[in-house]
Each structure stands twice: as C-alpha cells, then as structure tokens.
Amino acid sequence: MTQTGPFRLPAGGRLIDRAYQLPFRFDGRHLRGLVGDTLASALLANGQMLMGRSFKYHRPRGPISCGVEEPNALLGLGQGGRFEPNQRATTTPLVAGMVTSAQNCWPSLTADVGAVNNWLYRFFPAGFYYKTFMYPRGFWKHVFEPIIRRSAGLGKAPTEADPDKYEQAYAHVDLVVVGGGIAGLSAALEAGRAGKSVWVLEQTPNWGGRTPADHADGLARIDAALAELRALPNVTLRRNTMATGLYDHGYLLAREALADHDPNAGIPRQRLWRIRAGHVVVATGALERPLSFAGNDVPGVMLASAVRDYIADYGVAAGRSIVVVTNNDDAYRTALAALDTGLSVPVIIDARANAAGALPEAARARGIRVLTGSAIAGVKGGQSVEGVKICAQSGSGEVTEEIAADCVAMSGGWSPVVHLWSHCGGKLNWSETESFFAPDPNRPPTGADGKAMASCTGAASGDLLVAAATGAAPESATMPVWVMPAHATRKMKFKMWLDFQNDVKVSDVELAAQEGYQSVEHTKRYTTLGMATDQGKVSNINGLAVLSGALNQPIPATGTTTFRPPYTPLTFGTIAAEARGDLFQPLRKTPMHGWHEARGAYWEPVGHWRRAYCYPKSGESHADAVAREIRAVRAGVGTLDASTLGKIIVKGPDAGRFLDMMYTGMMSSLPVGKCRYGLICNENGFLIDDGVAARLSEDTWLVHTTTGGADRMHGHFEDWLQTEWWDWKVYTANVTEQWAQVAVVGPKARELLERLGGMDVSPEALPFMGWVTGEIAGIPARVYRISFSGELSFEVAVPANRGLELWEKLHAAGADLGITPYGTEAMHVMRAEKGFIMIGDETDGTVIPQDLGLGWAISKKKPDYLGKRAQERSHMTDPDRWKLVGLESLDGRVLPDGALAVADGVNANRQRRTQGRVTSTYMSPTLNAPIAMALVLHGPERMGEVLEFPVEGQESYKARIVDPVFYDKEGSRANG
Amino acid sequence: MAEALANISQVHDLGMIQIRADLARAGDAIAGAAGLAIPAQGMTVSDGTRRLGWMSPDELLLVLPRAELADTLAALNDALSTEHALALDVSDMRVAFRIQGVGALHVLMKLCPTDLAAMPVDALRRTRAAQAACGIWREGDGYVLIGFRSIADYLQGILTGAAMPGTGLEPR
Amino acid sequence: MLTLTCPYCGIKAEETELAPGGEAHLKRYGPGSTDAEFEAYLFARKNPKGVHFERWRHAYGCGKWFLAARDTATLQVFATYKAQNSHPPAEVVAAIQAARPGWQPDWPQNASDESPKA
C-alpha cells in the first residue's frame, strides 16, 4: 500500500503523520514507519506480526495489545550503554534510526532452538522447577542450574554504563488526576474551575484515552475539555507522564519521559516526579481481558480494542480478514471499525445466547454474520493465524465450522485499572453483573488525616462507558466467560494461555488447585501467573476466575492478588537520578584535600569523608608507604590531617553535669586548660565512641569524637538533652567543620612548631593533656597536647579556611627535619603498637569498656552515667566475657583479621568451640614484627599461653598472649 | 545551546554566627547586638547587608560581611554575658551558593522535598538538597543555599546539574 | 512516606527530612532499678496495631525531637507534640478519641500534666 508497509491502510490514523517517514531496523531488517507510530504499529504495518518468543516454551508471539499491558512484544532497544531490554513495542514511540532486536530466541526469531520446550510442554507443568530439580542433590549445582541460568531470564542486561542523564523533581499539588481520558479531564475541569492547583498526568503522548477511537464525537469532546483546561492557570497538563505508584500520605511517584525519543537532545532522558498530592483522582481507565480459548496465543490473536486502536490511531490493519470473538457489546466496535476501512469481518463469535444491543444490531445491519452462543474451539496456524474452528460455548468443543482469517480480535470484557487505588490499601468489590473488581468507595486508601486520599472516576471506578461525559448509549451485559468453550477438554486447556509471557495456561492453574493450592498468592508463585513484566495486567482476573472455578467457589472467596508499584517498570537510572558518578554520595573533603590529592594520596572512605590512607611514592606499595610513614614519624616528625575528627561544643551551667552522664568518666572535674580521654556508652552499656574532651572555660567544653561519630554523637547529646533532661541548661553545637586540625607528631614536633613561632609550646607552657590558644605562624590556633601514637604530639586546630595554609607552612618549615605526611593506616598501626583501642575495630556494638581494660576511664564515684546500669547486668559482669590482650605471632606471619581462636570440643550446634577473636592485626614497622590485639576468654590471666587460629587452606596460625602495649610501655616518648 | 535555568555562584566572604538562647528572654539583647530585629518563625530579617534568620525556637543565624564578624561576635557575647547562651563563629564550616534567575525555583524543586513555591521572600527553610542538609532563604529574584563546607563540590555539582539548560519543569 | 508537622518550627516535613526514634514516653531506669524495671525500660516495646506514640527528630530541619501520635495500621496522624511531655497531653488524647472513640489511655490519668520529670 505504502512504503511503510503492506498493512498500512490507505487512510486514517489520527496519531501518525504520513508526510514523515522514519527508517528503523528490526533484527537486521531495514524498515520504515511514520512519525507518530509506536514500534508495534510500525512493525505491524510492515507485516511483522512475530515480535518475540515466550519465556518458558519459546512460543512465537505477536503483540496482543496496543498499550502498557503488553506481555508479548518485548524488545531490546538501543545499543551499548543505551541498550534496554524488555521494552514494550506497543508503548515505545518510533524514532528514526532505531535499532531493535527480538528477545528469548536463539539463533533467530523464526527458528528458535528453545522452542523444543514447546513440544515437551507436558513435561513442563506448573511447579516444574520445584518438582524436577530436587534430586539428586548434586545435580542442581552442576547440571540443572547452569542450564537454567543460560536459558532463563527475559532480555539481556546491558553491559555498559548508561550514558543518559536522569533527574527528579518534587511537587506539591492540591489534586492530581491520573489519566488524561475523558473521565480524568472532566475531573480536572471540575477541580480547576473550583480554583484548586491541579495536575493531570497522562502516560501516553496523547490526550483522550479511548474516547476518540470509541465515540463518534469523542475527539471534539476531548478538544473542548483541553481548551478550557489550558486556559486555567492553576491547571498543569503533563503528557508522557506515567504515575507509577501511590504511597503513604498522598506521595505519588510519576515518571515523565523527556527525551526517550531523542537521546541527542542533551537533556535528561526521564524525570521522576515525587509529588505530594492533597488528593489523587484515579482516572486510569480499564484494560480489556483476553478470552481463554485453545490457541489464543498464536500471533494474530489480539485484544479487540487493540485491533481497533491500530486502525484508528495508526492506520494499520492487524489483518485483512478479522474474526471477532467476544462476551460483550464493546468488541462490535472493532468489527465496525474494520469494516469502515475496507477490511473483512467474516464472523463475530459471541458467547452470549443473545446479542440484541445497539452495537450488535448495527453490525448485523452492515451485513456482518453474528454467531451467538458460540465459541472458538481452536486457532489454526502456528506462527500466524490461518483461521478459527467454531463450536458452541456451552459444549466441550465439537467443531461446527471452520472459517479462514488472519486475525482474531478477542474481548473477554474489561477490568478497571485499580492499581493506584490498591497500592496504599484501597479495597475492591467484585461485581457479579459486570464481572470485574471495582474500587469500593467506602474503603478508600486513607491519608494523614484519616480521610480518603484517592478516589476513582470513569472506567477505573467501574463506569466503563463514562456515559455522562461521552454520551454513550447503554450496552447489554457482559457474560462471564473464563474458559471457552465452557466444558473444554483437558487437551484444549493445555493450549489456553492465561499469562502469555510466563506461559501459564488454564491447565497449570487447574493443576495447582488440584495439588492443593487454594490461596491465590500461593498459586501465583507456584505457577508464576502474573509475575511477568506486565505484572498480571492481562492475566490476573482470568487466572483468578479459573482458580475459583477449579476450587468451585465464587471469585471474591478466592480473593485478588495485591497490586504493587510500579505500575509499569521504571529504569534504574530514573530512580538513581543525579546520584551517580561523582555525585553518587556527598563526598566530604577536608580543607587540605587538594594537597593530599596532589601528593598521590590513596583514599580511605570514612563515613562520607575521604581520608588519605597513605601517600605512596612512585613505585611504592601501600604497605611500604605505610611503613615509611611510621618510621618517619617515630624518628622525626609527621603530619596527619585530623580535620575529620568530630568537634562538639557543650556549653551551659549544667554542661559538666550533662557530660558526666554522657561519659563513663568524670568530665565535670576537668580543670580549664586541660584535656581528658573519655568513653561514651549507650544505655545498653556498649561502647559507642571515644575521644578527648577539653575544658575551654568554666561553662564550656569542646569534646572530640571519632570521625564517623561526629553527627551521631551530636545527635545522641541532643536526644538526651531534649527528651530526658530538658530542664538542664546546656547548648551543644557541632563545629566539626569550623576547624582544620593537624596532628604534628614525632620527636621533632616541638622543634617544628617552634620554628613556625608565635606560641610557647614548651613542656612547661603546654604539658601533656593540656591545651593553649594563640597564634602559630600568624594563624589563630588552639593547640592540644594529646597523643594517639605514643609520640610527642600536638593537635593544632585553626579556622578551616586557613587549614591548608598551616599545613603548607608546616611542610615548608619542616623539610630539613624530614617532615612526612602520614595517613590513616600509619595512624592505625601506631595506635595498635601502643595498645590503644579503635572504635569499630576493638568494638562491634557488643563490647563494653570493661572488656577492653578501660576500667580506669570509668568513674567509680558517679551515681549514674549512660550505660552504668546495663553494665551491672549479670551478662556484663560475667567473668567469662572475652577481654583485650595482645598477640604475638609465633611464626612471623601477620594474623588474619577477625580470626577465631579455637578451644577444645564442640558446641551444641556441633561447631568447634572458640575462645577468642583477633580485633586488630598489623605488621609493625617499628618492631619489625607482626602485632595483634584480640578479645580472649580470661585473656589477661593467661599471659604467655599460645592460642591456635585455624584458617581454611592454610597451616593454623599460632600466637602467644601478651600485653597489648607493644611499644614504649613506660610512655616516655609522649614527653618528647 | 540554551541558557542554564539559573545562575549558580558561590558566595564568598560571608560571616556567619550561630546563636543559641532563650529568644523570649534574650531577644532584645541579641537584636541590639546584631542590629536587626528578631525574625518571626521561619523568616529572616535583613537590612541589605546583614541577615538574621530563625533556625529553631532557640537558634538564630546571623549572616554578615566577614569583616564585621569579630566585632559583632564580641558584641553578642557581651550582650549575652548574663544569659545562658551560645554565640559561635561558624563562617568557616559553611559554604553558600546564590541561585539566581527565572528558573531558580525549578533548580531547587529538583533537589528539595519542600514546597519552595509557597515560600515567601525572606523566608528561611532548613531541609535537604538531594542527600545533603542545607538551609535556603529567598532573596531578591533568587535563593541563597547554605551547606557544609566539606561538600562544597557536591553542592556545586547538584545545583549545576539541576540547572542544566533546557530542563525547566514547565509541561511539555 | 509519611509527612509530619514539626511542633517546634511548624514545618510539614516529609519522612526523608526526619529521623525516627522509636517508642515515646519511656521512663528511664538507671542504677538502683530492679532487673525487671531495667529490662522493661531497655527492651520491652509496645508495637501495637493502632494508636502509637513515637519519637521523631526533625533532622533535616530545626533539629528538634518531637512526638507523634499515629495509627500504625492506617498511618493516620492524630497529633504531633513537643517532646517535653511525660505523657501525651490532654489535647492529643482528645484528638485520638475523636478519631478512635473506643480508645483509652493506658497511663495514670493524674500523671498527664506537663511537669518536667527531672
């Protein structure tokens, strides 16, 4: 007919522009479509009905729908990083140059090797996987699983990063109408006229839903509504925007396609709207159901509405000779539409005994043969429809007649789209008269105020005709037809598909019922009914009805499955939006970050911070770099960027009293000008943080926390101040980032600071565990003399904006002293050499200070502190708790981190008993020997004993229990 | 190529003082030392160079030229010497961005879960921008967003990304 | 995703701006308490289906902890109120009873004043 394919009709197609052709490729074929086409309409126009293979049997499949419910026509789109599997051809706008491929087939779509499964269908019944792969045990791992992995799965996952951008946006709207059909637009008009802020979301590029195709003056009605809505400033109309889910308190997610059609537009491909809606009007229409007759999955068997839409919207004929099979009046519209465009309709097969409505009469008047009380006994053809066999609906399939045709338009009635209503708890009622589940307006999903946060209108509410807005004449009732014919044989039921994508048939659901599956949720999982990418949009109700029939109970007694978001699949890029690459997380950088980076720092993530782990020189391993840094510090002077340490100001008349509750030790007695190490426990008694506190003035303390603990500890303080001791006069402020802090460490540290000048840092002016303020090298500074390495050490805090300046001045002045920047790993090793604990290494949320030999940091005088009562519990005072010790490896190997020391015998689970665990383990460059810390049963009482640490595939490690302080036991080095 | 939705620029040399106090008791003393009236809940008060913002029932933020910080902090500490109060220089721990232009609101709507369209001029809102805590006030034909200094690059990145040309939130 | 109005700053915040803090109105037991008292304080939580009182912090906001009376099944929010209350105040009880007429407080009624418990 035209260059865009033999099935393009000479006229019609309200959505296409015949002036503009678009070239595209499908499985290597070069084809042409039109602007406005979907991929499916363009393929159908070219006579390409076969678009994929089913999942389990690899049956040949064509599209059955013209919209989001499509289970069959799933294609792989794009190439490289833009490859996307499982895209519905029926909703994908055709783009010039599009490259598409069929899925689930090898070596090709028409000759698929996997289709052998199809010949063996009797051996692949419901629950096949559960039944078959049980025994022998070893077969699963070595035989079944590899085969299933190779053949299972829908489309392939892309292997490259997605080059497209995505974004999200938040909106706050009084009323969101989901669905741009006649019902949605009517609801929007009503609210818009009342002055509410209104958004209307339409998932397709086109307004109007079914109305333009189904009603003579439908398009005019839609255009009139749109004209008025566009004139209202408080109304926003968004096309290409699919509401994916409705969540608590009116939280609605919607995906707006911005550049799906044009990857080169330079804008985000999709936008995820995160909408807070005062109320949601669900105007999502209804979806047509297939009929379950033998051969209903042969390519060319389609939903009647889809056949009509391809004609009306795209000027495409799904076939030239179309048989209509129905249980309702609506499908007659398809016959009339086909006839109007010159296609032939040899027969309408109506399961109902009578068909006397206006539409059937109109069909008869046009000369179409109508067979009532009739059914399809079988479809002729394999890869395409060749004809149908007709029988009586009330019988068991005795064929009365065969009719040639190349397309079957089926309609099993309509189901309201109730997904959004149901996502957040809206309940449904089964309508006996209409044979569908419809929203129960008396049991809506409720919001924060306890009132309905959503309502349904139009077809979604069960009002299929929306006569008030469309002016449609009444139609006669739909007859429930769940199996066609009513008494079909078992053999026929093997060919009646319910879930097309997952190959679940009437026979499978009946078998599940026979095997005792009564719950629809169990049956769903056993048979995989409704678990395909269409999430049961075409299969749920039919499957439920078949199960009910097999269980011999009414449908509401069987129940309905839960609808869960998203309504249609969302791509991961849209969910991640800007959170990828450099912006994956907020990366926290210290004022000296750039310096470290320029010196080749190898980074360690600590919370969101990046800290230098070490500064490897060219050709140097990380271990060598760490060893070099440690030796430099212990022999001369080194600097550590300690800016990430938490710094919290605690001020007020009750600050001392408050800190005495927060810390296990006594902070109120700390003199101004001094520092004290402290431990923080939670109410369970477990150690959660540690650090040095400094008393800045009579009523002000500055407490240091671990790097990861700053926000947590500030929150912890505020929690107790606000919710327990709210009458205590204390203010806290987290000033972590106000200060850059540099640890200047090593025997030459004092000499270096004296070179910078401006402050007396002599032992007299600044003794160990003291602090002073003043200026260093012209920079205002507070200097704490505290040590985490055992060396002479000064922590110099300056305003963050001057941190880099201080750091550079230190390095300039210390060049001849061999000043060396050192990283977190050198810090860790040096603290372990001194037997200092590390939160997160020696603690794991189950360790109390008493386990770590830190009793000296627990005040015996205080009546109370957080964790004190818990530490009196019997389990906490149990002498059998594992306690901190040092370990000395016997053979020079570094013990594996976390290794368990074994004891004699086995426990109740027949596992080897254990008596200890390695918590920190390093090669000490200072001692030139491996060192480790461990928690060991009765450890401190067992000095000199040797423990065994078995490790799979290696000779057991053996280590001697020793004091955890490996270096400078007297502590003289801290004095310089 | 089209223009960015808004102009994103980092604001330098801002001084910031965090004030904690019982505002009912110490309000007059603070107002005197800051040179600005105490703002109402959720609002800021500005004289064109300084801005005093309401952060919580017992917290204010004074934003002022960096050069005026030391004297003002001293004046505040002086004025609050008899109160249980806290006044701290927090200038270095913060970074500020000005988001200016017709699309400024759209830029922030992509990052913040709050209803910024409903926020009047001079109002202040503490919220999050993508994954980062921030404070935002509306000033002139745009907004000022403050956040932590350590994530300046992150904030710059998300703001610039959200302002990408051609990505206004108008319906298409 | 919930929305709760912070009683300190009046902001209607959404869940991503808030941090949850578990059950509200726990009475702290410290040294000197019995094992049973301490166990109840540390471990026993009500976890009801229905009316529940819980702690939330306006973390991405004013930083204040507040309390919410909420139905754990329907997610209806009856009230939010300040944390400086040992028991839900009378107006919160009234709001709950307006929505759930049969509901009765399970704490001693003479103790529902707002006096600090320190």
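This report walks through a few contact regions and backbone details of the structure above.

## Before we start

This is a predicted model, where local features need pLDDT of at least 70, side-chain atom pairs count only at pLDDT 80 or more, and totals for chains, interfaces and linings use all residues. Residues are numbered from 1 along each chain as its sequence is written, chains are lettered from A and ligands numbered from 1 in the order in which they are written, and side-chain values use heavy atoms, with hydrogens and water left out.

## Where chain A meets chain C

Let's begin with two chains touching. Here 35 residues of chain A are in contact (heavy atoms within 4.5 Å) with 34 residues of chain C. Together they bury about 2,800 Å², with carbon and sulfur atoms giving 50% of that. Buried area here is the accessible area (1.4 Å probe) that two parts lose on being put together, summed over both. A:Gln722, A:Trp726 and A:Arg869 supply 27% of the area that chain A buries against chain C, more than any other three residues.

What about charges? The interface of chain A and chain C has 5 salt bridges (a side-chain nitrogen of Lys or Arg within 4 Å of a carboxyl oxygen of Asp or Glu). C:Arg28 forms a salt bridge with A:Asp864, and their closest N and O atoms are 2.8 Å apart. On the chain A side, helix 22 (710-723) and strand 13 (270-282) each supply at least two residues, and helix 22 gives the most, with 6 residues. Helices (H or I, at least four residues) and strands (E, at least two) are DSSP runs, numbered from the N terminus.

## Two domains in chain B

Now for chain B, which splits into domain 1 (7-11 + 93-162) and domain 2 (14-91); these bounds come from an automatic or database domain assignment. The C-alpha centres of the two domains lie 22 Å apart. Where they meet, 14 residues of domain 1 are in contact with 15 residues of domain 2, and about 1,300 Å² is buried between them, 61% of it on carbon and sulfur atoms.

There are 3 salt bridges between domain 1 and domain 2 of chain B. In B:Arg126 and B:Glu59, which form a salt bridge, the closest N and O atoms are 3.8 Å apart. On the domain 1 side, strand 7 (94-100), strand 8 (124-129) and strand 9 (132-139) of chain B give two or more residues, and the largest share, 3 residues, comes from strand 9.

## A covered helix in chain A

How many residues of helix 25 (824-833) of chain A are buried? The count is 10 of its 10 residues, where buried means under 20% relative accessible area, exposed over 50%, and partly exposed in between (1.4 Å probe, protein chains only). These buried residues pack against several elements of chain A, including helix 20 (622-635) and strand 44 (912-924). After helix 25 comes A:Gly835, with a positive phi near 75°.

A:Pro485 sits in the loop between helix 12 (467-470) and helix 13 (490-493), while A:Pro566 sits in the loop between helix 17 (555-558) and helix 18 (572-576).

A:Met769 is not a glycine, yet its phi is positive, about 65°. A:Met769 lies in the loop between helix 23 (749-756) and strand 38 (771-776). Why does A:Met769 count as partly exposed? Because its relative accessibility is 21%.
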